[in-house]
2 protein chains.
Amino acid sequence: MHTQAVEDYLKAVYEIQREQGEVTTTALAERLDVSPASVTGMIKKLADMKLLTHEPYQGVTLTRAGLKIALEVIRHHRLVELYLTEALGVPWDQVHTEAEKWEHVLSEELEERMDALLGYPTADPHGAPIPSRDGTLTQPARLRLADMQAGQSAAVAEVSDHDPALLRYLGELGLYPKVHVTVMAVAPFHGPLTIRIGEVEHSIGHEAAQHVYVTRFSNRRPGGAR
Amino acid sequence: MHTQAVEDYLKAVYEIQREQGEVTTTALAERLDVSPASVTGMIKKLADMKLLTHEPYQGVTLTRAGLKIALEVIRHHRLVELYLTEALGVPWDQVHTEAEKWEHVLSEELEERMDALLGYPTADPHGAPIPSRDGTLTQPARLRLADMQAGQSAAVAEVSDHDPALLRYLGELGLYPKVHVTVMAVAPFHGPLTIRIGEVEHSIGHEAAQHVYVTRFSNRRPGGAR
DNA sequence: CTGTATATTTAGCCTCACCTAAATTTGTCT
DNA sequence: AGACAAATTTAGGTGAGGCTAAATATACAG
């Protein structure tokens, strides 16, 4: 087995790679709340273990083996998040923190039981896709609510899960995954968006709207889905 | 927070104290699968933290603070054991190993949720009492099935949870907590006991019978409960 | 193209929890 | 009381994963 630190690093590398393309020492240090020097040391170890490759001063890339571990950890994390909301009723702004601990102690046996009990789900409570056991992953949406134009409609696909306060705010607005939303107006200069959910309208700041990913309805049915 | 090692040591001290009265360096080393020298070192640290007192060459006693932590860990362990059997259907010979890991990552919040979901239970799947949040604990039964005489009846109170093979064996016999059992015969020289559970009779070795704790029915109702 | 800011790595050190080997203490048997 | 075995502690070390301070590499502005 790998240590918790190894798992945390690989997961962080994967996530930063997704979000920013390039995985730098500093980015890892910030995400893991650790000094850059410590990251350099750990990278060396992970490279020795053939879990990633390191181009000094350039950044880091996961190897096949490293990717496998990262996806296993993420699978655990997201399954646990969903399990905690579904089975134990934990509010969605708290599951992330709990899952950070559980992901490292979940046996394959229990993973399988949770998976079955949840009906082999494909997304966690924040809409993030749950990797399958063999490591395949549906492509997450990359369009942000903040990038939409007035008049467009979409379904919420995924929301960022790192900030509990943001999640509580989105929860108040009703911006959960799968919810349909229409952009009524967009204020200029990164101002707030006016959006409609069901029959009610809300205003949401640009900043928050950047953390909400959506899937636009296709334009084939003018008038849009309901 | 305390490290996992600290929690493991305190739990072990508590358990050995219960089982054997005296908590020696060697006993701790064996239980924790660690060298005696390592135990000496760790004891020194725990004594510095005022979690236990150490009489060199004599043994170790938990302080009030140490006892509190030990009971919290045990509470977590037993709640998790019960949760795993009840909510996730994990077989009773496997829950112990899983709970060894979970006990260290369970937040108070989740502890409370599990506790409520299980209906504020007082015993784990092996019959061991679950400490209350304030650290009170019902006194466990100390009479062993192996110590009973022919003709006596009792209810199974608790079975030792450390050996999965033993638990599977007891499961086959139907020796679960609360089950009523009557000793039909006791072979001499630590030979097997013949016991009756419901309508069926089994033979069980002295060794195994030492790991089954029972509560004798009072003698006030001759003929015994059914 | 040179100077400076920023990113990264190196060097040296720390704590935790473990180890082995070598004292030392305790208890027991004669 | 002496001798020996068993239990315990001391001494010295290891690997993991952190840290700070200092050195070095890269990037960018003038």
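Let's start with the sheet in chain B. Six strands form an open sheet there, in the order β3-β8-β4-β5-β6-β7, with antiparallel pairing. Strands here are DSSP runs of type E of at least two residues, helices are H or I runs of at least four, and both are numbered from the N terminus. Two strands pair if DSSP finds at least two bridges between them. The edges are β3 (143-144) and β7 (200-204) of chain B, each pairing on one side only. Look inside the sheet. β5 (180-186) and β6 (193-197) of chain B run antiparallel over four bridges. Ala185(B) sits opposite Thr194(B) of β6(B).

A word on the model. It is predicted: local features need pLDDT of at least 70, side-chain atom pairs count only at pLDDT 80 or more, and totals for chains, interfaces and linings use all residues. Residues are numbered from 1 along each chain as its sequence is written, while chains are lettered from A and ligands numbered from 1 in the order in which they are written.

Now the two copies. Chain A can be laid on chain B with an RMSD of 0.1 Å, by a turn of 180 degrees and a shift of 0.0 Å along the axis. The superposition is by least squares on C-alpha atoms of residues with pLDDT of at least 70 in both copies. The copies are thus related as by a two-fold rotation axis. Within chain A, Trp102(A) comes closest to that axis, at 3.8 Å by C-alpha.

How do the chains meet? 12 residues of chain A are in contact with 11 of chain B. Contact means C-beta atoms, placed from the backbone, within 7 Å. On the chain A side, α4 (64-88), α5 (95-102) and α6 (108-117) each give two or more residues. That side divides into seven nonpolar, two polar and three charged residues. Nonpolar means Ala, Val, Leu, Ile, Met, Phe, Trp, Tyr, Cys and Pro; charged means Asp, Glu, Lys and Arg; the others, Gly among them, are polar. 92% of the interface residues of chain A are also interface residues in chain B, so the copies meet through the same surface.

α1 (4-20) and α3 (36-48) of chain A give two or more residues each, as do α2 (25-32) and α3 (36-48) of chain B. α3(A) gives the most, with five. The surface holds 10 nonpolar residues, eight polar and one charged.

How values were computed
Contact = placed C-beta atoms within 7 Å.
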